[in-house]
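Please work through the exercises below, comparing each solution with the sequence and the structure shown here.

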Amino acid sequence: MLVCQGPGIGSVTHKSTWALGARTKKGLLADVISTVEFSHSGDLLATGDKGGRVVIFQREQENKSRPHSRGEYNVYSTFQSHEPEFDYLKSLEIEEKINKIRWLPQQGAARFLLSTNDKTIKLWKISERDKRAEGYNLKDEDGRLRDPLRITALRVPILKPMDLMVEASPRRVFANAHTYHINSISVNSDHETYLSADDLRINLWHLEITDRSFNIVDIKPANMEELTEVITAAEFHPHQCNVLVYSSSKGTIRLCDMRSSALCDRHSKFFEEPEDPSSRSFFSEIISSVSDVKFSHSGRYMMTRDYLSVKVWDLNMESRPVETHQVHEYLRSKLCSLYENDCIFDKFECCWNGSDSAIMTGSYNNFFRMFDRTTWRDVTLEASRENSKPRASLKPRRVCAGGKRKKDEVSVDSLDFSKKILHTAWHPVENIIAVAATNNLYIFQDKAN
Amino acid sequence: MFARGLKRKCAEDEEASPAYSLQRQSLLDMSLVKLQLCHMLVEPNLCRSVLIANTVRQIQEEMTQDGSWCVPVPQTAGRASRDRLVSTEILCRSAREGARPAPDPGDPASELQVVPAAQAPGVPPGGVWDGDGPRENRGSFHKSLDQIFETLESQSPGAVEELFSDVDGSYYDLDAVLTGMVGGAKSGQDGLEAFASTAAPPPSAGCKSDLGELDHVVEILVET
């Protein structure tokens, strides 16, 4: 995996001064990155990949002697989270690909995160060890047991510093609760429970209890032949521990209140934008399918991503979104081709910045888009080695939808649809973003003022 | 070509234009191929299957409204599944010529090439379904449909649905045991008893003889 990072500047989108900096070691990851997530303080950045590995980066402390490396992210820990499995009942493989990682809020020195593949969620503890004990009585320095009869004196072991070692250990395994593929996990604001959602069901877990989970949403029809809608994403409200939302393949979002009943099959709120009859086609439903839903940090809004746009919803208004941002409207005339090559089923994620003033999502050709909600400006940037010189600001990109292509514009037909940016993350506080482009991770930052 | 993602025809048109019918048929063929290709070692993506199946249904509905879709005569009880194969082949034989090549992964942005009809350019809407068009017009789609029916044929006719609902039913019961228990039994014994009592799923509804063949295939594929 290639990690490129460095200083950038200024407001989120204006004059796009995001920039790329120094690179870390190459060849870190051969696998496609499948999830990216900053910790709550932003000092750690976790990535999961198709091979079931988790790589965690840590932000370096500010160092006066090396000012240009302020805030660089370096590898902190690497571990194998999930292994491939075989489901003997169905004669099917269970992929080890990490679908989602979510950090728990920090409570002690150790850090905790949840990682999940299609079927099993694991709680990992990541702890540091920088001291070791020396001078044991019953064993030698190399670990061999000493003969008790030869011990003539007792000593107190001394703690001595050692090179920092970061250990990851699985603390809980939450298994066997999902028939279908897990697409989301979300930690509740009570810090004790979390939800896991698959195509048809959402389960509630207690972090301490692995042999039991509560089913809170079930949309499986009695007759599977009547199935026309699946759950695509789910999330807990950031502040209200009884509220969750889940999105569907029909472009609807349901908000549920767990206080109303044990099984949240009846929603409290139902968000759906009425369809525009003039643009109706056979692909309307597919492109309306919501691939990601995220609450704003404030908890007042939520954002949904469908194939061509990002929508911001006010939780108090169910009839339509308050904002719609076009991500790559030029693809609307190409939907049939995109259906043929399956790209139309790509699930893009989206994210808010720390102050909820900007949102970001990915596109094709290693492009990603940022929308500033206050200035209503947007920008398209590219995450690629060829086009990013270290410490130079990223140049905005433009796609030519039709007609005469201007200089520096990229025509729609030359877009590379195999280079898709599905996973992006924004630092919870600062203007630092992580963008996963296939098996490369790019970290862009603001330039120092 | 597929301007605006294959817009539906205007309400004023009484019959779909031949070009539109062609495009729509291609889309239908493509969708069925996609559903069939879901049979891989790794469990197919349910969301994708559902979306494709819904698209197929939409196309079917529109074709029914057009009159382009002939709902087949209800099957008599003793009819072999081989007959089903034949009637579906007629239904699905489009006004295409030759084998349509599989989508070229190297050129994802290319427009779909609609191969012109082997028959006269102005194929009447109903003409696709009748007569014996050239049997050698078997595209890659048709081969896929053959494969679908091979797997289905190996079971006795009428038991196909039961086979799939069987697998699904028992798994659902396992679900109920493992996940639906609020503060439920921790002991393995209770769990197993609950499972055993619901282990035999009720037999599925009888042959859906009143549905289109395509419907039948689509629904089985979605279920798997």
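**Exercise 1: A strand pair**

In chain A, β16 and β17 (residues 243-248) run antiparallel and are joined by five bridges. The model is predicted, and its local features need pLDDT of at least 70. Residues are numbered from 1 along each chain as its sequence is written.

Solution. Step 2: The open sheet has four strands, with antiparallel pairing, in the order β16-β17-β18-β19 of chain A; strands are DSSP runs of E with at least two residues, and helices are runs of H or I with at least four, numbered from the N terminus. Two strands pair if DSSP finds at least two bridges between them. Step 3: β16 (231-236) and β19 (269-271) of chain A pair on one side only and are the edge strands.

**Exercise 2: A helix**

Solution. Step 1: The helix α1(B) has 19 residues.

**Exercise 3: Contacts of a tyrosine**

Task: Name residues of chain B that Tyr339(A) touches.

Solution. Step 1: Contact means heavy atoms within 4.5 Å. Step 2: Leaving out residues up to four places away in sequence, the partners of Tyr339(A) include Leu27(B), Met30(B), Ser31(B), Lys34(B), Ile52(B) and Thr55(B). Step 3: Chain A also supplies partners of Tyr339(A), among them Phe283(A) and Ile344(A).

Conventions
Chains are lettered from A and ligands numbered from 1 in the order in which they are written. This is a predicted model: local features need pLDDT of at least 70, side-chain atom pairs count only at pLDDT 80 or more; totals for chains, interfaces and linings use all residues. Side-chain values use heavy atoms; hydrogens and water are left out. The expected span of a helix is 1.5 Å times one less than its number of residues.
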